[in-house]
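Here is my notebook from a first look at this structure.

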Amino acid sequence: MEKTAYVKTYGCQMNVYDSERMRDVLAGQGYGEAQAPEGADLVILNTCHIREKAVEKVYSELGKIRRMKRARPGMLIAVAGCVAQAEGDEIVRREPSVDLVFGPQTYHRLPQLLQQRHETGRSVVEADFPVDDKFEALVPRKTKSVTAFLTVQEGCDKFCTFCVVPYTRGAEFSRPVAQILTEARKLAESGVRELTLLGQNVNAYHGDMGLAGLVAQLSRIDGIERLRYMTSHPRDMDDALIAAHAENPKLMPYLHLPVQSGSDAILKAMNRGHTAEHYIRLIEQVRAARADIAISGDFIVGFPGETDADFNATLDLAREVKYAAAYSFNYSPRPGTPAADFAPVPDEVKSARLQQLLGLIHHQQTAFNASCVGLTLPVLIEKPGRDPGQLMGRSPYLQAVHVTGSAHLIGDIIETQITSVGTNSLSGHYRDAA
Ligand code: SAH
Ligand code: SF4
Ligand code: F3S
């Protein structure tokens with residue numbers, strides 16, 4: 001009987017990409033894909049270390065899987081991703097049923113790690129930052145999707161005082177252009193129409209050219225109709241990339257540009273390297289290049305030392321920017337980061353502020369979605385919808401759109417008249433269907 005593996009993903013899109021690549025590596029080792037951990041021969045948790053809650057989730061899931069392993073002794077449990085990188089051996093100490101621990105830069109070595117586990121009968125922990133290029137070693141990708149993530153940059157040298165990423169993902173690294181183009185062409189040949197270029201600081205991409213140059217090259221690939229990128233840092237938003245939003249019709253009008261706070265004192269304590277004013281000027285420049293661009297962001301609420309005035313500056317910034325979407329989080333102290341030693345804001349203050357910011361963002365998102373009613377938008381159809389005769393696609397602004405139509409439209413970009421909005425999606429009908 002075929003062996004099967006189940007890979008569960010936590011955290012950001014970069015982990016989604018990595019999980020896909022792990023599945024490809026495992027397929028090369030004869031593993032089929034399991035739909036659930038029960039009954040799988042190998043369970044991999046691809047983990048996130050960004051906030052305390054994310055880490056707790058992993059340990060609670062490991063508790064459940066340990067019980068499954070008792071009923072099925074041959075089963076292997078692996079912890080991959082950022083918790084693996086940050087905690088290494090500690091994971092096996094806390095949860096001895098774990099067989100393999102490996103970080104985000106070593107999953108291409110899965111076959112050797114499995115072999116080592118088999119030969120030694122002991123848990124294997126691999127938390128190095130290797131010198132070899134994992135992308136070179138990975139097997140070609142397979143996908144049936146219309147959209148795909150493509151990691152072009154990894155790691156971070158910015159060391160924001162709250163953040164674990166520089167420690168879990170290592171130093172900034174940009175993949176060579178030729179390697180990215182090869183992967184993109186393969187994806188286009190398999191039917192992918194939209195690529196989202198990923199990086200912890202994707203606009204710090206240097207390679208042989210900046211991100212704008214890479215976008216220009218990718219947009220010349222036959223079959224690739226849409227390009228997106230995330231996550232960007234305000235310090236790396238250069239003129240060429242802003243100009244690309246004006247010049248390149250394949251570059252979608254959506255920019256995820258986290259600011260974290262609207263207070264200069266807090267931005268300084270966070271080591272973000274820019275002011276609120278700088279951020280607002282950037283948004284103005286981007287909007288001058290592409291007036292309809294949808295802006296999204298991330299906020300941290302209750303960073304140590306944040307006063308009411310600091311928080312009000314965050315609300316003011318959000319009011320000025322008018323976000324199409326944004327993600328807001330309570331500050332979570334992370335072991336080993338400088339801010340973990342700063343004096344905390346009380347939990348109840350943090351939570352009250354978070355509710356206020358979430359309310360404002362929800363209001364802005366609803367207003368942005370409502371402004372689309374009556375427009376005709378090009379929607380890339382991705383998959384069948386929940387109801388028969390329904391399709392699901394995305395607008396240029398990344399909104400989910402429900403459209404009536406038949407499955408042969410999957411992979412097409414169809415002109416869709418937007419008729420109504422829900423909380424998180426739009427509905428419309430296909431212009432030519434009438
Ligand atoms: N490189 C990106 C962000 C990557 S982390 C940037 O610089 O903007 C994704 C998001 O997680 C961050 O934007 C931040 O809002 C949030 N985050 C990171 N560390 C956090 C912490 N310690 N507590 C709460 N939120 C955090
Ligand atoms: Fe973390 Fe800051 Fe790097 Fe973003 S730029 S990954 S928030 S250290
Ligand atoms: Fe989490 Fe690692 Fe991504 S900490 S947010 S999975 S880079």
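I sorted the shell around ligand 1 by class and got 6 nonpolar, 6 polar and 4 charged residues. For this sorting, Ala, Val, Leu, Ile, Met, Phe, Trp, Tyr, Cys and Pro are nonpolar, Asp, Glu, Lys and Arg are charged, and the others, Gly among them, are polar. The model is predicted, so to speak of local features I need pLDDT of at least 70, and for side-chain atom pairs 80 or more, while totals for chains, interfaces and linings use all residues. Residues are numbered from 1 along each chain as written, chains are lettered from A and ligands numbered from 1 in written order, and side-chain values use heavy atoms, without hydrogens and water.

Next I looked up polar contacts (pairs of N or O atoms within 3.5 Å). A side-chain polar atom of D298 sits 2.6 Å from an oxygen of ligand 1. For R272, I found a side-chain N or O atom 2.9 Å from a ligand oxygen. F162 uses a backbone N or O atom, 3.0 Å from a nitrogen of ligand 1. The protein covers 89% of the 550 Å² of accessible area that ligand 1 has on its own (Shrake-Rupley method, 1.4 Å probe).

Then I checked the backbone. M230 and T231 are joined by a cis peptide bond, with omega about 0°.

Is K322 buried or exposed? K322 has a positive phi near 55°, and I noted it as exposed, at 56% relative accessible area (exposed is over 50%, buried under 20%, partly exposed in between). L398 also has a positive phi, near 75°, and is partly exposed at 26%.

Key:
A polar contact is a pair of N or O atoms within 3.5 Å; within protein, one must be able to donate a hydrogen and the other to accept it, and residues adjacent in sequence count only if both atoms are side-chain atoms. Buried means under 20% relative accessible area, exposed over 50%, partly exposed in between (1.4 Å probe, protein chains only).
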